[in-house]
Amino acid sequence: MFCFFLKNKNTETLNFFFYIQFLLFICFFILKKLGLVAQGYGFIDSLPALYGLWWISPPFIKSLLKARNLSLMVKQGYSTIWKNIYEHYQMNVIFDAQIKSINRSLEDSYSPISIEVSINGEVQNMDCDFLIITSPLKESLDFLSDATNEEKEIFSSLKASTLISTLYRSKVKDSKERAVTYYPDKIAKGHPGRLYAERNSQLAIYPERPPPTDVRFSIAYQYFESESEKDEDSKILLEDLKQLEYEEVEILESRTWNYFPRFDQEGLNNRYPWRIIDMQGTNKTWYAGSSACFESIEDVISYNHLLFRIFFDAKD
């Protein structure tokens, strides 16, 4: 709660400051509900302040104040961007590969890094000079055969949430449906997995087209604060959709994501994010991806730029 202490007891002045206090409280409620939880970034009463300030940045606040359209989308999804980069630069990317083990030969700086990998079911061995890990750092402990004690200490303390996105079909209920709809009353700690938001991609991508009048397709979002809470997620979703009076609901596809790997306050007190930066380049390894910074495309790319500036003094 925001409080002001005033020496001037003029009624008009008091009314003004009470009004400002009310507006601040409303803004705080919106940022708490929609700025953090609705984006899959946890509850404000349990999330370390570092991550709250990281996401709710001045540009984010500026966008809200200017009422910019926050529902802009890439027409075929972000994966299209990565696919186009891959095709344009003819990058040598190996798909359908499962890493079994990586030995970096840390005792010998001149020895290559040995990788054992299964590609389409066939086990192969590869050598390389340098390793860049962009997968969840906690999961990298499963294949790093020579993980250092510091890597084990830091990476094992990462915690992730669960975000479930479900594509479903139903009868049209509201002809004035928006592209993105939030349900703030469903965003509550102690009630995991409630339908807190949904996105009608057609309305976001083609706002000029008339909305459908019979059948609609939407993506529903459910949030679980930990990785182990996601039991009966489909049942919870169907119950919430029923309460919202959607009819003839059919779930078409559902995907579960380990989302927003982060450190708790103790991990931050131990300087783990900054120790990862100190470790960069040691152990023949760079550590990147959202585990090293923050779960957003913008922050992951910015962190990559940071690594280049540190090691190559590259310009943005």
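What share of the contacts in the protein chain with a separation of 6 or more comes from residues 24 or more positions apart? In this predicted model, such residues account for 65% of those contacts, a contact being a pair with heavy atoms within 4.5 Å. Residues are numbered from 1 along each chain as its sequence is written, and side-chain values use heavy atoms, with hydrogens and water left out. Because the model is predicted, local features need pLDDT of at least 70 and side-chain atom pairs count only at pLDDT 80 or more, while totals for chains, interfaces and linings use all residues.

The mean pLDDT of the protein chain (the predictor's confidence in each residue, from 0 to 100) is 84, and 82% of the residues score at least 70. Confidence is highest in α6, at a mean of 98, and lowest in helix α1 (residues 11-36), at 54. The pLDDT is below 50 over residues 1-9, a stretch that has 16 contacts in the model beyond near neighbours in sequence. Over residues 11-16 it also stays under 50, and the model has 4 contacts for these residues beyond four places in sequence.

The secondary structure of the protein chain comprises 11 helices and 10 strands. Helices (H or I, at least four residues) and strands (E, at least two) are DSSP runs, numbered from the N terminus. Of the 316 residues in the protein chain, 35% are buried; buried means under 20% relative accessible area, exposed over 50%, and partly exposed in between, with a 1.4 Å probe and protein chains only.

An open sheet is formed by 3 strands in the order β1-β2-β3, with antiparallel pairing; two strands pair if DSSP finds at least two bridges between them. Its edge strands, β1 (97-103) and β3 (122-128), each pair on one side only. On average, neighbouring strands of this sheet are turned by 25° against each other, direction ignored. Here axes are lines fitted to C-alpha atoms, for helices over the stretch in contact, and angles run from 0 to 180 degrees between N-to-C directions. Strand β2 (residues 113-119) is joined to β3 by 7 bridges. Among the bridge partners in β3 are D127, for S114, and E122, for I119. The hairpin formed by β2 and β3 has 2 residues between the strands, and N120 in the turn has a positive phi of about 50°.

Another 10 bridges join β5 to strand β8 (residues 215-224), where L163 stands opposite Y223 in β8.

The largest nonpolar core has 44 residues, and those with the most contacts inside it are L137, F263 and I276. A nonpolar core is a set of buried Ala, Val, Leu, Ile, Met, Phe, Trp, Tyr and Cys residues joined through side-chain atoms within 4.5 Å. The largest share of this core, 4 residues, comes from β2. Apart from it lies another core, of 8 residues, including Y168, Y183, A220 and L241. Not counting residues up to four places away in sequence, F263 touches P48, Y51, I154, S157, L158, L268, Y272, P273, I276 and S291.

Leaving aside neighbours within four places in sequence, S157 is in contact with R262, F263 and Y272. Its side chain reaches the backbone oxygen of I154 at 2.7 Å. A polar contact is a pair of N or O atoms within 3.5 Å; within protein, one must be able to donate a hydrogen and the other to accept it, and residues adjacent in sequence count only if both atoms are side-chain atoms.

Positive phi values also occur in two other loops. E248, which is not a glycine, has a positive phi of about 55° and is found in the loop between α8 (233-243) and β9 (250-262). E248 counts as exposed because its relative accessibility is 61%. R271 lies in the loop between α9 (265-269) and α10 (272-279), and its phi is near 65°, a positive value in a residue other than glycine. With a relative accessible area of 40%, R271 is partly exposed.
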